Amino acid sequence: QVQLGEFGGGLVQPGGSLRLSCEASGRIRSVHNMGWYRQAPGNQRELVAVITSGGNTNYVDSVKGRFTISRDNAKNTVYLQMNSLKPEDTAVYYCNADLVSFASWFPSQYWGQGTQVTVSS
């Protein structure tokens, strides 16, 4: 059984910062890409940032220069440092991992339960 556990959401004022973390746990052979998605009410889920196992990163244009994705491969954990937050960043943030568990030899997508980020004064 593989699970993704997310931590770090909350309420913050515009211009503030939050750090999200997500740990993949369970019987895991290997973890490939890890990323963060978000979904605001009435909107589709969108990719925010992704990081490969080698550390290459990619961001949606709206967060470039403000958000930083990183990972600790030894802990199967991905982080999202969010600075200069704006009200339009308000959404439920979901962790995503592309990994191979001991139940299979092929990679599968796994999702966290989601954590609410609200940016408001």
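This report describes the fold, the core and several loop residues of a predicted protein model.

## Basis of the description

Because the model is predicted, local features are described only where pLDDT is at least 70 and side-chain atom pairs only at pLDDT 80 or more, while totals for chains, interfaces and linings use all residues. Residues are numbered from 1 along each chain as its sequence is written, and side-chain values use heavy atoms, with hydrogens and water left out.

## Overall architecture

The chain has eleven strands and zero helices, where strands (E, at least two residues) and helices (H or I, at least four residues) are DSSP runs numbered from the N terminus. Read from the N terminus, the order of elements is therefore β-β-β-β-β-β-β-β-β-β-β. The radius of gyration is 14 Å, close to the 14 Å that the globule rule gives for 121 residues, so the chain is as compact as a globular protein of that length. Here the radius is taken over C-alpha atoms, and the globule rule is 2.2 Å times the number of residues to the power 0.38.

Along its principal axes, the C-alpha trace spans about 45 × 25 × 25 Å. Contact is defined as heavy atoms within 4.5 Å, and among contacts between residues at least 6 apart in sequence, 56% join residues at least 24 apart.

## Surface and charge

Of the 121 residues in the chain, 40% are buried, a term that stands for under 20% relative accessible area, with exposed meaning over 50% and partly exposed lying in between (1.4 Å probe, protein chains only). The chain exposes about 6500 Å², of which carbon and sulfur atoms supply 46%; these accessible areas come from the Shrake-Rupley method with a 1.4 Å probe, and for residues only the protein chains shown count as cover.

## The nonpolar core

In soluble globular proteins, nonpolar side chains tend to be buried together. A nonpolar core is a set of buried Ala, Val, Leu, Ile, Met, Phe, Trp, Tyr and Cys residues joined through side-chain atoms within 4.5 Å. The largest such core in this model has 30 residues, and Trp 36, Leu 80, Met 82 and Tyr 93 are the ones that touch the most other members. At least two core residues come from each of the strands S1 (2-7), S3 (18-26), S4 (28-39), S5 (46-51), S7 (67-72), S8 (77-82), S9 (91-101) and S11 (115-119), and the largest share, five residues, comes from S9.

Leaving aside residues up to four places away in sequence, Met 82 touches Gly 16, Ser 17, Leu 18, Leu 20, Arg 66, Phe 67, Tyr 93 and Val 117.

Val 60 is found in the loop between strand S6 (57-59) and S7, and with 22% relative accessibility it counts as partly exposed. Beyond its neighbours within four places in sequence, Val 60 is in contact with Glu 46, Leu 47 and Val 48; Val 60 and Val 48 are twelve residues apart in sequence, yet 5.3 Å apart in space, C-alpha to C-alpha. Ser 62 lies in the loop between S6 and S7, and its C-alpha atom is separated by 8.5 Å from that of Val 48, 14 residues apart along the chain.

Leu 47 lies in strand S5 and is partly exposed, with a relative accessible area of 35%. Not counting residues up to four places away, Leu 47 touches Trp 36, Tyr 37 and Val 60.

## Other loop residues

Asn 76, in the loop between S7 and S8, has a positive phi of about 50 degrees although it is not a glycine. Ser 84, in the loop between S8 and S9, is likewise a residue other than glycine with a positive phi, near 50 degrees. Asn 76 is partly exposed at 22% relative accessibility, and Ser 84 is partly exposed at 40%.

Gly 8 lies in the loop between S1 and strand S2 (10-12), and, apart from residues up to four places away in sequence, Gly 8 touches Leu 18, Arg 19 and Leu 20.
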